[in-house]
Structure formats: C-alpha cells, structure tokens
Amino acid sequence: MPHPSVLLSVAHALPPHRLLQTEAAEAARGMFAHRYAAFERMAPVFTTSGIESRYTVKPLDWYFTSLGWPERNAAYLEGAQELFVEAATRALAAAGVAASEVDTIVTISSTGVATPSLEARVAGRMGFRADVERVPVFGLGCAGGVSGLAIASRLAAARPGATVLLVAIEICTAAFRMDQLTPANMVATALFGDGAAACVVRAGSGEDGLARIEGAGEHLWPDTLDIMGWKVDPTGLGVIFDRSIPPFAEQEVGRAVEKILSRIGVARASVDRFACHPGGAKVITALEATLGLAQGALDHEREVLRQYGNMSAPTVLFVLERLVAAGLPQRTVLTALGPGFTCSALSLARAA
C-alpha cells in the first residue's frame, strides 16, 4: 500500500448516569428474585463479572417502568446522538481536524434502529459538510470496534488525503428486559453498559499520527449463529448469549488470529501487545490462554471492564485509548469477537 492508513486519534464518551455493580445487583434481585426460580444460582455473576461500575443513558428507575420497543428505541436515539457528538468532537480535536474537513463517516451501532442514521441526525450540530459520505454499519455487535476501524482504514487508503471519522456507539442498556427470565438475560443485565468511542483515520504522505494500520481481517465460524446476537419482539431487542463463549474462545480464537495475521503478512512473534475486547472476566482469561499470554497480561482490558462494563463495539477502543496514553508498543493487534460468530483482528505499527 503506497500510502497506508494512519490512526490520528482515539477518544471516548460516556452517558451521564453511573451505575455501581452493587446497585445493579440489588435492583436485579428486586426485579427477578420473586419471579425467577434460578435467580439465586445466577446472582453470583454480578460479583464474578469483574465489573465495579457501568454507565447508562437513563437513570436506574427508568428501567423499572413499562417499556416497549418505541420507548427503548427513543432512548437509544437520544443517548446515541449525544454520545456521537461528544466522542467525535473529542477525537477530531485530538487529531487537530475540523468537522468540516471530514470526508467520510463510518458509524458502527447495533443496539437500536436509526433511519436517518445517527451521523445524519447530528450533522448540523457537528458541522459536517453537505457532501460528506456516510457509511452506517449495523449488526457487527462486539466486533464492531475492530471491524469498523478496518473499514475506516480501507476507505482512507482508497482515497489518499481523505479524512475518515469512525464512531462506534452502543446503548446496550436499552435491551435490559424485566420480562426475560433466562440465564442469558441475567448475564446481560450484569455485563452491559453504554458508551461510545471515535477515531480519525487518514492515508497520505507525511502522516505520522499514532500508528500505521498494517492490515486487518476476519474469521467467521460456520454454524455458530446461535452463540451471540439479538432476537426482536414487540418489547424490544432480546439478547442471544451462549455461555459457551469462554471455552469456545479458548479453543478457537488463537488459531483464527494466527490465520488473519498470516493473511496480512504479520508474524505472530512480532506482536508486542494484543488489545482485546473485554467481553467479560471469563472471556479475558480465555483470550490470555488462547493467545499464549501470561495470566494477567490483559491488564488494560480488565481495568476497562471494571470501570465501564461491556459496552459492545466501542469497548476495545477504550482499551486502545489506554494503551495510547501508556505508550503504544511497536506492534499492537486489536481483536474482538462478535455475532456471526466472528473474530476480527487489526494490526497497528507505532508511528516513528
């Protein structure tokens, strides 16, 4: 690639309401214990999740009200627009780029429906040009942060000099369900929070930035549609969440990542740091095992999970932001798992 894409900045945004995990556990007990016989068996997930707090677009009491699809999607639209503006504004400022200089916007989100899409709804507030290209992407779930950055990098490389803005936003709490008395819903209630992250990417001679995007790829496993995703009913989105994810990840992800790295010409031995989507405490441990890392190596991942929970697509970009602040190693590989079931990976080489 004569002018590889360069990551110029990464930034995050959080909604206004901080939810302590102790508060979430107490609320879940009041919500489910008298109706769900298996609640006591599932309740430890609130303490074993590795999460101390999460952020939500609505105060806790809102989730106890009678909510259907219209109310949930309205909360998604309101919260996602605010997070888009905040995350994008921070990323653009960090890159020294004005909103009017953005040529393409890639918007990643899978937790609500927006037509017109989110970037169109905030275009006036942001100051985007009338001829800006919009690429909204739905359905990538937790893999969206890595896959979205890969999409942004390819779009930038296809038109050297163009500025591409990536924004990943998820309002996972819009899918908190009082009517779903299932293990999957208990796990989702204990894990998920809301958040957004944004990156600015550009390709062209003379770009230094934070890191060069060396390549990216995905691995899709056949016959795995039931591992992760959404089911839709009149009440809203309901989580499909198979508890076999940690053992599946430990068995399969290492080989998938090696195949991706081989395809993009990156030697596994040359990777200094993996930056992984922290799907949960057990998933992080499984990733350390499958990637041949020392136990505890994914320390930034555990800290992001502890402070913010699993925010789906943007979460891995929170990890990347922490690595940037600490000083990127020479080569970092981002990985994330998502519905499909799929693994996404992207290699970054630190700018000279």
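1. **Ground rules.** Because this is a predicted model, local features need pLDDT of at least 70 and side-chain atom pairs count only at pLDDT 80 or more, while totals for chains, interfaces and linings use all residues. Numbering starts from 1 along each chain as its sequence is written, and side-chain values use heavy atoms, with hydrogens and water left out.

2. **Overall build.** You're looking at 12 helices and 13 strands (DSSP runs numbered from the N terminus: helices are H or I with at least four residues, strands are E with at least two). The radius of gyration is 19 Å, which agrees with the value near 20 Å that a compact globule of 352 residues would have (taken over C-alpha atoms; the globule rule is 2.2 Å times the number of residues to the power 0.38). Along the principal axes, the C-alpha atoms fill a box of roughly 65 × 45 × 35 Å.

3. Of the 352 residues, 59% count as buried (under 20% relative accessible area; exposed is over 50%, and partly exposed is in between, with a 1.4 Å probe and protein chains only).

4. Take the contacts between residues at least 6 apart in sequence: 80% of them join residues at least 24 apart (contact means heavy atoms within 4.5 Å).

5. **Aromatic pairs around Phe248.** The model has 8 aromatic pairs (Phe, Tyr and Trp rings, using the six-membered ring of Trp, with centres within 6.5 Å; planes under 30 degrees apart are stacked, over 60 edge-to-face, the rest tilted). In one of them, Trp221 and Phe248 have ring centres 5.1 Å apart and planes at 80°, so the pair is edge-to-face. Trp221 sits in the loop between strand 8 (211-220) and strand 9 (228-233) and Phe248 in helix 9 (residues 245-263), so the pair ties together parts 27 residues apart in sequence. Phe248 also pairs with Phe341: centres 5.6 Å apart and planes at 75°, so edge-to-face. That pair links distant parts of the chain, 93 residues apart, with Phe341 in the loop between strand 12 (331-338) and strand 13 (342-350). Trp221 and Phe248 are both buried, and so is Phe341.

6. **An aromatic cluster.** Tyr55, Tyr308 and Phe318 form one aromatic cluster.

7. **Helix 10.** In helix 10 (residues 281-290), the buried residues are Val283, Ile284, Ala286, Leu287, Glu288 and Thr290. They pack against helix 9, strand 11 (273-276) and helix 11 (299-308). After the helix comes Gly292, with a positive phi near 70°.

8. **Glu119, buried or exposed?** Glu119 counts as buried, at 1% relative accessibility. Glu119 lies in helix 5 (residues 118-121) and touches Phe84, Ile105, Thr107, Phe128, Arg134 and Pro136, leaving aside residues up to four places away in sequence.

9. **Lys259.** Back in helix 9, we find Lys259, which counts as partly exposed at 47% relative accessibility. The C-alpha atoms of Lys259 and Pro222 are separated by 16 Å.
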